[in-house]
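Subject: Structure handover

Hello,

Here is the structure I said I would pass on. My notes follow below it.

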Amino acid sequence: LLVSAGDNKVLTLPVNSIELYASAFPKETIDNHYTYHWQQISAPQGSHGYMEGKDTRRVILSKLSHIGTYQFKVTVTGANHAFGVAHVNVTVKPAPRVNKPPRADISPKEQTITLPTNEVVLDGSKSTDDDKIVEYKWEEMKGPLNDKNKMISQGADSPVLQLKSLVPGIYTFKLTVSDSDGETDSTTAVVTVNDEKDYPPVARAGNDVVLTLPVNHVVLYGNSSTDDKGIASYEWSKTPSSPAVGDMQGTNSPQLKVSNMVLGDYTFVLKVTDTGGQSATSRVTVVVQPEKNTPPVAKAGSDKDLVYPDDTTTLDAKGSYDDQKIVKYHWDQVSGPSSAEMSGADNQVVEVKKLTEGHYVFKLTVTDDKGLTGSGTVAVNVKKDVNQAPVARAGPDVVVHLPNRAAELDGSKSSDDHGIAQYLWTRDAKSPAAGDVINSSNHQAILRLSNLVEGMYKFKLTVLDAKGLKSSDEALLTVKEDEHSAHLVELFLDVDITKFTEENKGQLIRKLAVILDVQDEEIVVEHLKEAGTGHSMMVMFYVKAVGGAKDGQAVAETLKEKIENEEGFFEFRMLKVEPYICRNNCSFHGYCDRSTKLCVCESFWMQDIFKSSFGAKESNCDWSILYVTVIIFGIVMAIGGIIWGICFCMGR
């Protein structure tokens, strides 16, 4: 079959639908009916058009909203398997652009400057158009008479206009923009240029001056005077009320030099004039007082104490002063042994030698340039070297309670007139040997001890001074059992103590409070320490109760009953729990070791291995070694008899 789908089609948005027709040759008859099938072969990316009647001769295409070419194929099939194919393209073009006029914009719309600033910039680059702006045109609409070529620096036909050499006045500038279709838009901006203001000068003649004869000259400074444009001239003058005597130099300069002044009050006037002819004045007063002279003050220094054989010292008069000038110093010995020798008696500093035991007084006399004098004395006491024995104070007696095993004895209150040179702490021979001295503190003022055990310690403190004199004192250190010992419980956890944090401690207290049905604050942790086996640690605590604390044995049994077989209740695995005080009577044939909580049996007694290994696993001293020996001997004899009987029967 010869098939045609018609000519290629073109759509221009917003039209997005079209009808396509197919025809075939030879023509369709009643006996030869054709079937039609339309297919979309290709389309622009993202297109989602619709096809209506794709199995008919006429197909309607709609929602062809994506710009590009759509390709369609139609297949026509007749009798006897005759068929034919045709293709057709539908091209979708964008909607024609509708031009919008441009929009002119100047930034800023208003500007104000003050001379000497005479340059501004007007920015029209923010003007917009739907396509593009092809022309910018700037015009001065209104303003003072000025040379336009000098005023417009650059940019008369660009987006940005730069203006310079502006004169005072109000300027109005117009910007016209044109787009590619010839459309235009205009806007204006106003620039106000203010004339430069000239402020009057400020005259400053300086602070008032007081002179004391014989000083009769002064320099007055007007340099601090100011003006916004600059000072053109200075003029100094003296008021008629001032003394007539006095020479002035530099009356037309910032600095005025006045000499040969006499007693009285002078008033000088400074007049300054700026470049605009404006002027200002300022006054300064110079008071000339009569000459004064008071006697000098002699300062011989503080009294001194020497310890023989130190027989030399230095006396210094540097603290002496006068209103004019000290020109002479002189030292004399007023009292004391005559053996003293002075070197440089007419100097400010004198060295005194060969002093012996006694009380010396030295006199200083100072003279000023007018002949007036002043005097002062200084005492020097020379004593023999007397050394007192030190006083040892071992401090108050100290009492500590287990499980705290550390303590301090404070001997820092010991004293000596020349200072203590050595401390020595010694332990009494009858005191417990347990207890370690920390960091050689037995040779320091404060003795620090650790790993103490229950008992009474006596320590002797001996202090020595630099001369070898010594003194001793004693102090008692009593280590007592914890007042809560009957209530304490030892809980062993499988955790390294260095990894056990304060947060872990808080969680442990909360879980203990839950299992024991008490409040968190009623669980009191007294001590944390390494358990000594592996990486485990021991937590020692007790539980508060009304009128005291709960029994440690009862608390330990409660924890064993509720937790021992329950894995994961604590964050760390519980190894064991037991009271601090061992309550095991060891079957009345031994005693319970406080550290291991195991029975130490008497002679001829031993543990019941079944009772200690199964059930409650309680240490005991139930078995008599004599009875066990007899029983074992009987068992051995019985086994031997049975074996002999078996062998005899087999022999028969």
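Is Arg573 buried, partly exposed or exposed? Arg573 is partly exposed, with a relative accessible area of 47%; buried means under 20% relative accessible area, exposed means over 50%, and partly exposed lies in between, with a 1.4 Å probe and protein chains only.

Before the rest, some ground rules. This is a predicted model, in which local features need pLDDT of at least 70 and side-chain atom pairs count only at pLDDT 80 or more, while totals for chains, interfaces and linings use all residues. Residues are numbered from 1 along each chain as its sequence is written, and side-chain values use heavy atoms, with hydrogens and water left out.

Salt bridges

A salt bridge here is a side-chain nitrogen of Lys or Arg within 4 Å of a carboxyl oxygen of Asp or Glu. The count by this rule is six. Side chains of opposite charge can pair when their charged atoms come close.

Arg573 is in one of these, with Asp494, at 3.3 Å from N to O. Arg573 lies in the loop between helix H3 (552–563) and strand S42 (574–579), and Asp494 in the loop between strand S38 (489–493) and helix H2 (502–516), so the pair ties together parts that are 79 residues apart in sequence. Helices (H or I, at least four residues) and strands (E, at least two) are DSSP runs, numbered from the N terminus. Asp494 is partly exposed as well, at 36%.

Glu578 and Lys576 form another salt bridge, with the closest N and O atoms 3.9 Å apart. Glu578 is buried at 13% relative accessible area, whereas Lys576 is partly exposed at 36%.

A further salt bridge joins Glu19 and Arg58, whose closest N and O atoms are 3.5 Å apart. Glu19 is in strand S3 and Arg58 in strand S7, so this pair ties together parts that are 39 residues apart in sequence. Glu19 is partly exposed at 33%, and so is Arg58 at 38%.

Around strand S7

Strand S7 (residues 58–62) has a covered face with Val59 and Leu61, and an uncovered face with Arg58, Ile60 and Ser62. Two strands pair if DSSP finds at least two bridges between them. S7 pairs antiparallel with strand S3 (residues 18–21) over four bridges, and Tyr21 stands opposite Arg58. S7 also pairs antiparallel with strand S6 (residues 50–52), over three bridges; there Met51 stands opposite Leu61. The hairpin of S6 and S7 has five residues between the strands, and Gly53 takes a positive phi near 80 degrees in this hairpin.

Strands S29 (residues 358–368) and S30 (residues 373–384) run antiparallel and are joined by ten bridges. Thr365 stands opposite Ser375 in S30.

Annotated domains

The unreviewed UniProt entry annotates "domain: PKD/Chitinase" at residues 2–95, 103–196, 202–291, 297–385 and 391–482. UniProt positions are given in the numbering used here, feature names are shortened, and annotations may be inferred rather than shown by experiment. Residues 202–291 are 0% helix and 51% strand, with end C-alpha atoms 36 Å apart. For residues 391–482 the figures are 0% helix, 49% strand and 35 Å.

Regards
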